[in-house]
Each structure stands twice: as C-alpha cells, then as structure tokens.
Amino acid sequence: MGRTLRVVEYCARVYRRSWRGTLFVTFLSPVLFLGAMGFGLGGFVDRSDGLPGGVPYAAFLAPGLLAAQGMQTAAFESTYPIMGRIVWDRVYAAMLATPIGVRDIVLGQLAWIGFRLVLVTSVFFGVMVAFGLARSPIAVLGIGAATLTGLAFAAPIMAFTATQRNDQGFNAIFRFGITPLFLFSGTFFPVEQLPTLLQPIAWLTPTYHGVALARDLALGAATLPAALVHLAVLVGVTAAGLAAAFVTFRRALVV
Amino acid sequence: MPGRMSRGEPLPLVHARGLTKRFGAFTAVDAIDFDVARGEAFGFLGPNGAGKTSTMRMIGCVSPVTAGTLRVLGLDPATDGPRIRARLGVVPQQDSLDMELTVRENLVIYGRYFDLSRAEARRRADALLDFVQLLDRADSQVEPLSGGMKRRLTIARALINEPELLLLDEPTTGLDPQARHLLWDKLYRLKQEGVTLVLTTHYMDEAEQLCDRLVVMDKAKIVAEGSPRQLIERYVTREVLELRFPAGASVDLDGRLEGLAERVEQLPDRVLLYTDDGEAAVVAVHERGLRPESALVRRSTLEDVFLRLTGRTLVD
C-alpha cells in the first residue's frame, strides 16, 4: 500500500508542474460542447418531437458527455504518458531498482488516473450545475459513474500500451475505438436509434453503461437493479484490464 | 560495518554459483561463480555482449535468475527482492532520470521510494548534490545537463538510500576524459567510505583504476579472476613492446621475431612482444636487422590480459 502511494506521489509531483495548462482545457471543453450541442443543436431537437418523457436535449446530453469525458481523459492518460514512462524516459525501470514493484506501479498509476478523472469530471459537473442541467439531487453521483467509466478504459488501455514499443498503435485506439464509442454509445442519442443489429454491440461497451448510469442519476431515473448492472460491467472491465496490465507490465519491465 | 558471520566466515555481499540467465534459446550468462566481499570494489570486465549487464540486473533483483544460486546481502532475490533493493544503489547503463522533474526533485522523489520522510529526502538530496558538484544546478531541469553531469546525478540518486552495495553498469561509457576522471574520483571516495562497489566496464584503465578484484567475462562465461596485478602477472609479462612496420612489411615477419619475447602477438596494425625487459627486446629486434617504423615499450595492461585470454581486442 505504502509503495503504491509512492507511485501516486510521483505522478502528483509531475502533474504539479503542468496542471495550470490542463485546467483551462478541462473547463473549456464542457462549456463548448454543452453550448454548441446541448443548447444550439438541442434547441432544434426540442422544437421537433423532442425526447421521450419531454426531457430537454441539453439535460439528456450533459450526463452522457460527462461519462464520455471520463472515457476520453482516461484514453489519453493511459497511452502517451505511460509509453513515455516505459519506453522513452524509462521512469518505471528506475522505480524498479527501489523497493517498488511492478504491481505497485500498475496500481499507483491507475489510482492516479482515477484521481485525475475525479478532478476532470468534477469540473465538468460544476459546468452542468451552472447551466442548470443537474436535475436530481443524486446527480452528483454522476462524477463517480464517469470516473468508473474512465477506469474501465484506463486499465485495459494501460495493459495494451505496455505491449507496444512505439506510439503507432494509439492512432487505431482513438480512431477505431474511442471516437466511434463517443458517437454511438448513447452519448448524443438513445442507442434505440441505432439499427436493431447494432444495438447489442452498444450494450457490450463500457461507454453505454457509463452513459446510461450517469444519465439515470442526473435525470433522477435511476433504479437499483439497472444501476447495479451498469456498475458490475464497469467494475468487471476495470478488474479484467487491471489483471491484464499486471501481466503486460511485467513482460515489458522485467526481463 | 562487519559482515554477518556464518561458520566463522564473513558472509559475502554477493554470492553466485552456477548463475545462469537465458533469454529463450540464447544464453546470456552461462553458469558463472563469484563472490563479492564487503568493502571491496569488484569489476566485471569484458566486451559488449559478454553478459555483464545481465549479471548486474540479476544482482539488482530486476531480472529473474534462470538457474543456479544467487544471494545478495545474504538474501534470495527470488523471494526478497524489495528487501534487497532497499539496501542497494543502482546506476544503470542507460540514464533513466526524469526529464519532467528538476535535478533536486529527481533525488527527493527517489528518496521517497525508499520511504524516507520528505525532510530527510530533501536533506540527503542537497548533501548528495554537493558531493557530486551539482548543488548550483539543483533547481534546473535535467535535459540541459551534460552527459557527465547526468551520470553524476544518476550516481547521487543511487546513493539516496545510503546503500551498502552500489551497482554501476558502465559508469563512464560515453564520457569525455575529464568527466571520467571526476567520476572515478567520486567512486574512489565512496569506496574509502566503505561502500562496496560492483561495476562493469569495457575500459581496461577503468578496471585498473577502480577494482580491487575483477573477473574477465567473454561469451557469457568467466575466463579469469583476480586483482588487476595478479591477472597481469599470471597471463602476460611485465612489459610489452609494440612494433609498427611499414604497410605490407609485417607479412614476411614469419619467424624473424622468434625467441625475442615470451610471446609474440601479431595484430593487423602492429606486433606485440610480451617480455619482462622491453628495452632489451628493442635492441634485439634491431640486431636482427628489422627496421620497425616505431617501437614503443609500455607496461602491460588488462587489455593485454584480455587479448591473451580471448585472442581478440576489446573494441566495440
């Protein structure tokens, strides 16, 4: 435990040198997306048939974007910085010459990404509140849902990153993984709009479950059984990714 | 600090028997035996690919042993890795300094990995920066430092936990002569303070400068062991006469140098005569009517030992 915390401390020390730059982007992104899509495009949507249950489009979209923000932040944090520490600067190798072990590195790094996700999604949630888009008292739990969505990506992507020797594989992750998931997993429109054949695929993705959970919480529509299913999927994917990361990090760092 | 006693013998800091490392079908280290005593400076000398780094990584408990016995500080790396590493300092072949942190931060965070308090880590960091003459660069980024400075910072980092055993993998490779001498001076002072040094090198002068005892490695095996002096006495003569002949002339030297030295080694660019009296050999060469372009008498070195043992020079 102590050694894992040292890895977190290392990440915090590095972050302390760059947090100002990231804070602005963290704040700007939800403002732009909610402004353009939520209110701009949402105005059109609400004037036509609107959404089932008469929910304004912006209120529907915001928690979806919250979860998607978790996914995107996690995808970035678990690719380039991790590759840098394994291959480019060999920071993890230097750690391994101390009492710190491979499991400490994986757990500490993932814990740090979790902390970053809480920060980023909290800022996002603050913007939602400012725009009057958190309609339920338990909407704040959406921060947890979005963080968990992020971890469900961070753990398996970290495991993948440790198998790579350069950053070429990351393009594929973003282009064929993160972007389609962002667009088609219920963030912008209900997955029921998808062709019937594609709907089951959406249900299999962590993004769908993260978006659904955050949305149910924000709109006050959460039911315990549904929430438990969403949670189980997100925790399960995170755990599987973590187990894989233990193996791939060991292969990359211990020869 | 006295070594722990075991049947009356001081326990070696590193003890290896039949130590082997294989990567798939490739054998990097082939059943080597050695012991490192507390307080000594012990060297692995050999060309690139001889198995030195693999051996160091096993001692450093970052690379699992394939076969054989290895004990470091009396403990088994397979089961006690973190406990051993807590008492080691490691200077890897490639610098692994953190480019995102300052010089001082590199040391402080490293101290934290060894569970030092923040105040203690900072105190030791400044003392070590002073020792390696980098205190004035404490708040600078790592990137602009010269190669020699980075190497010194890496050594300072390896000392943050006040290790009993310092592992140095090619500590001065790629440094200019001035930077090398500064580093040797620091390592010599550490040795005098009682830190046990284990280092690898492919520089003969480095091994002669720093090592009390060394093993010569070639093709994954140990081919000789002893102090630099012992190895020179055992495998070569006291002096070496180096002769250079005009291009083409060395081809028909066949037999004409016989009897002038204990051993004659013909290299592409020169001829080496191993003898205890180099000056006498120079005279004898001229008496036989040979006219070398140049004749140099020098003390024999570990380079000659290596040549004698492997039939090859130690070039990269």
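Visitor: What percentage of the 316 residues in chain B is buried?
Guide: This is a predicted model. A residue is buried if 20 or more other C-beta atoms lie within 10 Å of its own. For the 316 residues of chain B, the buried part comes to 44%.

Visitor: How many helices and strands does chain B have?
Guide: The C-alpha trace of chain B spans about 75 × 50 × 40 Å along its principal axes. Its secondary structure holds both kinds of element: ten helices and 15 strands.

Visitor: Among contacts in chain B between residues at least 6 apart in sequence, what percentage joins residues at least 24 apart?
Guide: Contacts here are pairs whose C-beta atoms lie within 7 Å. Take those of chain B with residues at least 6 apart in sequence, then keep the pairs at least 24 apart: the share is 68%.

Visitor: Are α3(B) and α5(B) roughly parallel or roughly antiparallel?
Guide: The axes of α3(B) and α5(B), residues 147-158, come within 9 Å and cross at roughly 25 degrees. Angles under 35 degrees count as roughly parallel. The two helices are therefore roughly parallel.

Visitor: Which residues of α5(B) does α3(B) meet?
Guide: α3(B) passes α5(B) in a right-handed crossing. From α3(B) come B:Val103, B:Asn106, B:Leu107 and B:Tyr110. By class, this contact has five nonpolar, one polar and one charged residues. On the α5(B) side stand B:Leu153, B:Ala156 and B:Arg157.

Visitor: Why does B:Glu164 count as partly exposed?
Guide: B:Glu164 sits in the loop between α5 and β8 (165-169) of chain B. Buried needs 20 or more neighbours, and exposed needs 12 or fewer. B:Glu164 has 17 C-beta neighbours inside 10 Å, so the class is partly exposed.

Visitor: Is B:Leu73 buried or exposed?
Guide: B:Leu73 lies in the loop between β6 (67-72) and α2 of chain B. Its phi is near 55 degrees, a positive value in a residue other than glycine. With 22 C-beta neighbours inside 10 Å, B:Leu73 counts as buried.

Visitor: Where does B:Lys219 lie?
Guide: Phi of B:Lys219 is near 50 degrees, positive in a residue other than glycine. B:Lys219 is partly exposed, with 13 other C-beta atoms within 10 Å. Its place is the loop between β10 (213-218) and β11 (221-226) of chain B.

Visitor: Which helix gives the most to the side of chain B that touches chain A?
Guide: 20 residues of chain B are in contact with 21 residues of chain A. On the chain B side, α2 (77-85) and α3 (103-113) each supply at least two residues. By class, that side has ten nonpolar, four polar and six charged residues. The most, five residues, comes from α3(B).

Visitor: How many helices and strands does chain A have?
Guide: Read along the sequence, chain A follows the pattern α-α-α-α-α-α-α-α-α-α-α. The count is eleven helices and zero strands.

Visitor: What radius of gyration does chain A have?
Guide: The C-alpha atoms of chain A fill a box of roughly 60 × 40 × 35 Å along the principal axes. Buried residues make up 46% of its 255 residues. A compact globule of 255 residues would have a radius of gyration near 18 Å, which agrees with the value for chain A, 19 Å.

Visitor: At roughly what angle do the axes of α2(A) and α3(A) cross?
Guide: α2(A) passes α3(A) in a right-handed crossing. Among the contact residues are A:Phe33 and A:Met37 of α2(A) and A:Leu61 and A:Leu65 of α3(A). The residues of this contact divide into eleven nonpolar, three polar and one charged. The axes come within 9 Å and cross at roughly 145 degrees.

How values were computed:
Residues are numbered from 1 along each chain as its sequence is written. Chains are lettered from A and ligands numbered from 1 in the order in which they are written. This is a predicted model: local features need pLDDT of at least 70, side-chain atom pairs count only at pLDDT 80 or more; totals for chains, interfaces and linings use all residues. Two residues are in contact if their C-beta atoms, placed from the backbone, lie within 7 Å. Helices (H or I, at least four residues) and strands (E, at least two) are DSSP runs, numbered from the N terminus. Ala, Val, Leu, Ile, Met, Phe, Trp, Tyr, Cys and Pro count as nonpolar, Asp, Glu, Lys and Arg as charged, and the others, Gly among them, as polar. The radius of gyration is taken over C-alpha atoms; the globule rule is 2.2 Å times the number of residues to the power 0.38. Axes are lines fitted to C-alpha atoms, for helices over the stretch in contact, and angles run from 0 to 180 degrees between N-to-C directions. Angles under 35 degrees count as roughly parallel, over 145 as roughly antiparallel, 65 to 115 as roughly perpendicular and the rest as oblique. A crossing is left-handed if the near helix is turned anticlockwise from the far one by less than a right angle, and right-handed if clockwise.
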